[in-house]
Amino acid sequence: MKQLNIELADAKTKFRPGETLEGVAFWELADAPRSIEVRLHWRTQGKGTVDLEVVTSVAFNGVGARDRRPFRITLPIGPYSVSGTLVSIVWGVELVSEPKGEAENVEITISPSGEEVRLDRMPPK
Amino acid sequence: MRARDNPFRSDRVLAVRYRLLHGTWEDLFAQLEALGFRAAIVGPQGSGKTTLLEDLKPRLEAGGFSVRELRLDTESPSFEPEFLEDLFATLGSHEVILFDGAEQLKWAEWVRFERRSRAAAGLVITSHRPGLLPTLLETTTTPELLRGLVDQILGDRAAELRPLLPGILERHRGNVRESLRELYDHFAAVAG
């Protein structure tokens, strides 16, 4: 088993803006972490500088080395998950423990259709 | 091709670390120590100076030093006076300053910076030109270096690109960073 794990309810990874994301974070570490939290974030990938923003986080208090905690996050309305040839915006839900900085990430998509918006497949105007 | 699938996207390129063309990291660290931890990494744009400076950081920390990282570039070519006052007021004798882009400082600013930095355990800079501090290493690029980086990024898929690499590097006058950006564009043009 991995040390850090995230399970999203119904294994759902495709969301619409403003929807609620639910899941369970569970971990098995050598020692109780100093802090452990779930972070909702997006980052850019592509030709230019990487941008990253943690939109919200859910911290768990009074945890043990081996523990299991549910979480619920209301997703923002944007930016959408999107990909062109120059840049992609990629959303993720990440469980991060300190002090070791261990992390586990689950990628999700946020858009009106639930699918990544493909700029490179849009018809020219 | 989606940007996220491009093998030459910036986060993958930045993950490739500096490759010493000659000698070992131990040799380089010994040379830096012999220079009293005050030295310059000198080379043209896109030749790996910044990457090498970044790669010195964990080695200095493993050697018991703390590290302060400073950076200047053409968009941000000088420090705020308050920043420098705070830096030198809090600088410890166990700290090494890693200063990327030292050539951006005007000469008088550099002279003053260099003098004040002597309170630290060390100062390692990058610069496009020699002469600011004794040169630790001159970063150079070769087609073989670019080929090695492309091999590392692409793995088995690198073979088809190899004939193109010398021309790409020449077109960018030895600038590896720009060469890798051209390879990004090459893959971006691939449908998928």
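Where in chain A does A:A11 lie? A:A11 lies in the loop between strand 1 and strand 2 of chain A, and that loop has a view of its own below. Welcome to this predicted model, shown here as a series of close-ups.

**Figure 1. Chain A at a glance, a chain of strands.** Chain A holds 10 strands and 0 helices. Read from the N terminus, its elements run β-β-β-β-β-β-β-β-β-β. Of the 125 residues in chain A, 24% are buried. Among contacts in chain A with a separation of 6 or more, 65% are between residues 24 or more positions apart.

**Figure 2. An open sheet of 3 strands in chain A.** Here 3 strands of chain A form an open sheet in the order 1-3-6, with antiparallel pairing. Strand 1 (4-8) and strand 6 (66-74) of chain A stand at the edges, and each has a single partner strand, so one side of each is left without a neighbour in the sheet. From one strand to the next, the twist averages 20°. As background for this view, strands of a sheet pair through backbone hydrogen bonds, and they do so either parallel or antiparallel.

**Figure 3. Strand 1 beside strand 3 in chain A.** Stepping in on one pair of that sheet, we find strand 1 of chain A joined to strand 3 (residues 20-28) of chain A by 5 bridges, and the two run antiparallel. Which residue of strand 3 of chain A does A:L8 stand opposite? Its counterpart there is A:G23.

Figure 4. Most residues other than glycine have a negative phi. A:D10, although not a glycine, has a positive phi of about 60°. For A:A11, also a residue other than glycine, phi is positive and near 55°. Are these residues buried or exposed? A:D10 counts as exposed because it has 8 C-beta neighbours inside 10 Å. A:A11 counts as exposed too, again with 8 C-beta neighbours inside 10 Å.

**Figure 5. Two cis peptide bonds in chain A.** Most peptide bonds are trans. The bond from A:G78 to A:P79, however, is cis, with omega near 0°. A:P79 sits in the loop between strand 6 and strand 7 (82-83) of chain A. Another cis peptide bond leads from A:E98 to A:P99, with omega near 20°. Look for A:P99 in the loop between strand 8 and strand 9 (102-110) of chain A.

**Figure 6. Where chain A meets chain B.** In this view, 14 residues of chain A are in contact with 11 residues of chain B. Strand 4 (35-46) and strand 8 (87-98) of chain A each supply at least two residues of the side of chain A that touches chain B. Which strand of chain A gives the most to that side? Strand 8 of chain A does, with 3 residues. By class, the side of chain A that touches chain B has 8 polar, 4 nonpolar and 2 charged residues.

**Figure 7. The two domains of chain B.** Chain B is divided into domain 1 (25-138) and domain 2 (141-188). Their C-alpha centres lie 29 Å apart. Domain 1 of chain B brings 5 residues to the contact, and domain 2 of chain B brings 6 residues. On the side of domain 1 of chain B that touches domain 2 of chain B, the residues divide into 4 polar, 1 nonpolar and no charged.

**Figure 8. Parallel strands and crossovers in chain B.** Strand 2 (residues 66-71) and strand 3 (residues 95-100) of chain B run parallel and are joined by 6 bridges. One of the residue pairs is B:R71 with its bridge partner B:D100 in strand 3 of chain B. Together with helix 4 (residues 81-90) of chain B, strands 2 and 3 of chain B make a right-handed β-α-β unit. Strand 3 of chain B is also joined by 4 bridges to strand 4 (residues 122-127) of chain B, and these two run parallel. There, B:L98 stands opposite B:V124 in strand 4 of chain B. The chain crosses from strand 3 through helix 5 (residues 107-116) to strand 4 of chain B in a right-handed β-α-β crossover.

Conventions:
Residues are numbered from 1 along each chain as its sequence is written. Chains are lettered from A and ligands numbered from 1 in the order in which they are written. This is a predicted model: local features need pLDDT of at least 70, side-chain atom pairs count only at pLDDT 80 or more; totals for chains, interfaces and linings use all residues. Two residues are in contact if their C-beta atoms, placed from the backbone, lie within 7 Å. Ala, Val, Leu, Ile, Met, Phe, Trp, Tyr, Cys and Pro count as nonpolar, Asp, Glu, Lys and Arg as charged, and the others, Gly among them, as polar. Domain bounds come from an automatic or database domain assignment. Two strands pair if DSSP finds at least two bridges between them. A crossover is right-handed if, with the strands pointing away from the viewer, the path from the first strand over the helix to the second runs clockwise. Axes are lines fitted to C-alpha atoms, for helices over the stretch in contact, and angles run from 0 to 180 degrees between N-to-C directions. A residue is buried if 20 or more other C-beta atoms lie within 10 Å of its own, exposed if 12 or fewer, and partly exposed in between; C-beta atoms are placed from the backbone.
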